[in-house]
Amino acid sequence: MSESIHIKQTIVVRARPDVLYRLALEPKRRAKWDPNLAKAEYEGEGGRLANNSLVRFKFTRRLLGLSFTAKYGQLQAPQRGGWESVRHVGPLEKLTQGWIFKPMPGGTEVTLTVHGKVRYKWVRVPVERVLHNMVATTLLELQRTVDAQGAQLMEDMGRELAEKQKADQKAAKEAAKAAKRKK
């Protein structure tokens, strides 16, 4: 019994869609900036970005160092593109990744979608957590690569939000303790 994981995140990056398309989908360029990939290269000689091209990916040790082969599909430069694993990837039967680049005033709306089919039910939650983290770091690093100021702003906003949530939780705990003492 396999279960599916669907993750979709969108971010706005101040860059042209064609630049982002090449950064996100060209394997050698992607390996340079993406902290989740240790290696990415075309399989065979003279590989190029085209539908049905095979690419070998290797995740970093943080992602168990898994190696797998993926096949490109749905490539429409510079609007969309993606790949899907040819065989299973560790605990996943299938792993697909899709990118959509929508031009807008002042930049590009980038949507990264990851679908995974987990082979074993008991491993779904940790794998989903790892994939969420992978998607978030990939989008943040893509933004940092082309727009260092915007990425720093997003990171700071995320940190402030986390601190605010922590403070709210602490205040709620204190209020609950105070209410208990009054009884």
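Visitor: What volume does the second largest pocket have?

Guide: Keep in mind that this is a predicted model. The second largest pocket has a volume of about 220 Å³.

Visitor: Which residues lie nearest its centre?

Guide: Those are Leu63, Leu64, Leu66, Val127 and Val130, out of 15 residues that line the second largest pocket. The helix α3 (124-146) gives the most to that lining, with 5 residues.

Visitor: Okay, what about the largest pocket, what's its volume?

Guide: About 260 Å³. Its lining has 16 residues, and the closest to the centre are Gln74, Gly82, Trp83, Gln97 and Gly98. By class, the lining of the largest pocket has 4 nonpolar, 9 polar and 3 charged residues.

Visitor: New topic: how many aromatic pairs does the structure hold?

Guide: It holds 7. One of them joins Phe57 and Phe68, which are tilted, with 5.5 Å centre to centre and 35° between the planes. Phe57 sits in strand β3 and Phe68 in strand β4, 11 residues apart.

Visitor: Are those two buried or exposed?

Guide: Phe57 and Phe68 are both buried. Ring pairs also link them with Phe59 and Trp83 into a cluster.

Visitor: Tyr120 and Trp122 form a pair too, so how are they arranged?

Guide: They're stacked, at 6.2 Å centre to centre and 20° between the planes.

Visitor: Why is Trp122 called exposed?

Guide: Because its relative accessible area is 69%, and exposed means over 50%. Tyr120, at 39%, is partly exposed.

Conventions
Residues are numbered from 1 along each chain as its sequence is written. This is a predicted model: local features need pLDDT of at least 70, side-chain atom pairs count only at pLDDT 80 or more; totals for chains, interfaces and linings use all residues. Side-chain values use heavy atoms; hydrogens and water are left out. Rings of Phe, Tyr and Trp (its six-membered ring) pair if their centres lie within 6.5 Å; planes under 30 degrees apart count as stacked, over 60 as edge-to-face and the rest as tilted. Helices (H or I, at least four residues) and strands (E, at least two) are DSSP runs, numbered from the N terminus. Buried means under 20% relative accessible area, exposed over 50%, partly exposed in between (1.4 Å probe, protein chains only). On a 1 Å grid over the protein atoms alone, a cavity is a set of points where a 1.4 Å probe fits but cannot get out, and a pocket is an open set with protein on both sides within 12 Å along at least five of seven lines; lining residues have an atom within 4 Å of a point. Grid points are joined across faces, edges and corners, and a volume is the space filled by probe spheres set on the points. Ala, Val, Leu, Ile, Met, Phe, Trp, Tyr, Cys and Pro count as nonpolar, Asp, Glu, Lys and Arg as charged, and the others, Gly among them, as polar.
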